[in-house]
Every structure is written in structure tokens, then in C-alpha cells.
Amino acid sequence: MPAHARKRRGAAAVAGAARQAGRGWRRSRPFWGAVVILVAGGETAAVRFTLPLRTTWTILPAGLLIAGGMIACGLLLLFDPAQRSLYAVAAILLSITALETSHLGGYLIGTLLGLGGGATAFAWVPGLPAAPPAAPPGFTLILGEAQRPPGAPARRHRQSGSRPGGSPARLAGTESRSRPGISPGIQRDRQRERDRD
């Protein structure tokens, strides 16, 4: 479409489209579990920063490395949701390790948040499309639906002697005209059988 033919969208339409895209992105990954893990890592790092450094031979204390690992797990859950179970288990293990290295895991708050966020992320599954309702097993054999591929429309079953679009009596005369390959004698016999029924 040429640029001069495009309509300009208003700010409300752009904001609505952005909101809908963000909602779709958020639903396609364990968003809330990752956010809770990020909060747990930030809280654990903040508590560790308030404590004095006792060892001078390490570049970073172990508590900050554990908190950084929790934050990394939260970010990986957001941007690589295919490996969510691995990152969730790693966040849970890091939260347990923070009990020893970060002043009881950030006064237990960071550990509890990390455990809850990891469990939430581990339990999350992507939404699947709704399956069509299945027919009861006995009726599928009676109606001949057992061989129907999934998702195919159900076949309509007609009563004998009826056609779509009218009653059997009205269609009797049109059937003889619509089927030229059948001889008139056979058509008369069929008509008599229908009249007897």
C-alpha cells in the first residue's frame, strides 16, 4: 500500500495495539513467576549490599553472585521461555543457597519470593487452543463418525426418501426429471413404492 494511501492512526489506536501486543507477549511466557524471581534477586542483592565485606580475596561476595544468578534466571524466563523448567529449578536452587550466603536469604524474604516465583514459573504451561467437544463413544460408531478426521465438519444424515430443500412428496416428480440415466419404468416402480410408504 502506498504511503499516501495509508490512514494515520490516532494515539488511542496505537496505545490499544501496543497494549494488545504486550498482553500477547506476557501470556506467551511465565511472566509473573519471572517478575517474582527478579524481585527476589533484587531484594537479596540489596540486603547483601548492606552487610560489610569480610573477605578481601574475592571480587564479589558469594551473596551478590547468588542474587545475580537469580536475576539472570528471571530475565532468561522472560526472554527464553522454551527452557522455563531449567531456569525455574535453577532459581529455586539459588534461592535455597541464598539462605547461607546472603544473611538468611535477604531476611528470608528473598528466599521465599525466589521459591514462590520458581514454583510458579515451573508450573506454567502455554495456553493451548480449545479442543472440539468429543461425541460419546457409542454414537460415533452408530453415526459413522469414527473415521472422521479431527476438525472436519460433521456429516448430516438424511432420512430415506428426503432431499434438502423440500418434502418427499414434492421431490418425487423432480427426481424423475433430475436423473436422466434411469429408464421411465424403473422410475414408475420407485414412485409406486414411495406412494405405498
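Student: Let's start with Leu76. Which residues is Leu76 in contact with, leaving aside its neighbours within four places in sequence?
Tutor: Those would be Pro81 and Tyr87. One thing to keep in mind as we go: this is a predicted model.
Student: Ok, noted. And where does Leu76 lie?
Tutor: Leu76 is part of helix α3.
Student: Does Leu76 count as buried, exposed or partly exposed?
Tutor: Leu76 has 36% relative accessibility, so it counts as partly exposed.
Student: How far apart are the C-alpha atoms of Leu76 and Ala88?
Tutor: They're separated by 9.6 Å, and the two residues are 12 apart along the chain.
Student: Let me zoom out. How many helices and strands are there in the chain?
Tutor: The count is 9 helices and 0 strands. Along the sequence, that reads α-α-α-α-α-α-α-α-α.
Student: Now the packing. At what angle do α2 and α3 pack?
Tutor: The angle is about 165°, and the axes of α2 and α3 are 8 Å apart.
Student: Roughly parallel or roughly antiparallel, then?
Tutor: Roughly antiparallel, because an angle over 145 degrees counts that way. The crossing of α2 and α3 is left-handed.
Student: Which residues meet there?
Tutor: On the α2 side, they include Phe31, Ala34, Ile37, Leu38 and Phe49. Among those on the α3 side are Gly63, Leu64, Ala67, Met70 and Leu78.
Student: How do the residues of that contact divide up?
Tutor: The contact of α2 with α3 has 14 nonpolar residues, 5 polar and 1 charged.
Student: You mentioned Phe49. Is Phe49 buried or exposed?
Tutor: Phe49, which is found in helix α2, has 61% relative accessibility and so counts as exposed.
Student: Got it. What about α2 and α6?
Tutor: Helix α2 covers residues 31–50 and helix α6 covers residues 109–123. They pack at an angle of about 160°, with their axes 8 Å apart. That makes α2 and α6 roughly antiparallel to each other, and α2 passes α6 in a left-handed crossing.
Student: Which residues make the contact?
Tutor: From α2, they include Gly33, Val36, Val39 and Glu43. From α6, Gly110, Leu113, Gly114, Gly117 and Gly118 are among them. The contact of α2 with α6 divides into 7 nonpolar, 7 polar and 1 charged.
Student: And α4 with α6, at roughly what angle do they cross?
Tutor: Roughly 165°, and their axes come within 8 Å. So α4 is roughly antiparallel to α6, and this crossing is left-handed. Residues in the contact include Ser85, Ala88 and Ile92 of α4, and Leu115, Ala119 and Phe122 of α6. In total, that contact has 10 nonpolar residues, 5 polar and 1 charged.
Student: Switching topic: which residues touch the most other members in the largest nonpolar core?
Tutor: Ile66, Met70, Leu77 and Leu94 do, out of the 15 residues in that core. The elements giving two or more residues to this core are α2, α3 and α4.
Student: What does Met70 touch, not counting residues up to four places away in sequence?
Tutor: Met70 touches Ile37, Ala40, Gly41, Thr44, Leu94, Ser95, Gly110 and Gly114.
Student: Last thing. What's the phi of His103?
Tutor: It's positive, about 50°, although His103 is not a glycine. His103 sits in helix α5, residues 103–107, and has a relative accessible area of 35%, so it is partly exposed.
Student: And Leu104, what's its phi?
Tutor: Leu104 has a positive phi of about 55°, and it is not a glycine either. Leu104 also lies in helix α5, and it is partly exposed, with a relative accessible area of 48%.
Student: Great, thanks!

Definitions and conventions: Residues are numbered from 1 along each chain as its sequence is written. This is a predicted model: local features need pLDDT of at least 70, side-chain atom pairs count only at pLDDT 80 or more; totals for chains, interfaces and linings use all residues. Side-chain values use heavy atoms; hydrogens and water are left out. Axes are lines fitted to C-alpha atoms, for helices over the stretch in contact, and angles run from 0 to 180 degrees between N-to-C directions. Helices (H or I, at least four residues) and strands (E, at least two) are DSSP runs, numbered from the N terminus. Angles under 35 degrees count as roughly parallel, over 145 as roughly antiparallel, 65 to 115 as roughly perpendicular and the rest as oblique. A crossing is left-handed if the near helix is turned anticlockwise from the far one by less than a right angle, and right-handed if clockwise. Contact means heavy atoms within 4.5 Å. Ala, Val, Leu, Ile, Met, Phe, Trp, Tyr, Cys and Pro count as nonpolar, Asp, Glu, Lys and Arg as charged, and the others, Gly among them, as polar. A nonpolar core is a set of buried Ala, Val, Leu, Ile, Met, Phe, Trp, Tyr and Cys residues joined through side-chain atoms within 4.5 Å. Buried means under 20% relative accessible area, exposed over 50%, partly exposed in between (1.4 Å probe, protein chains only).
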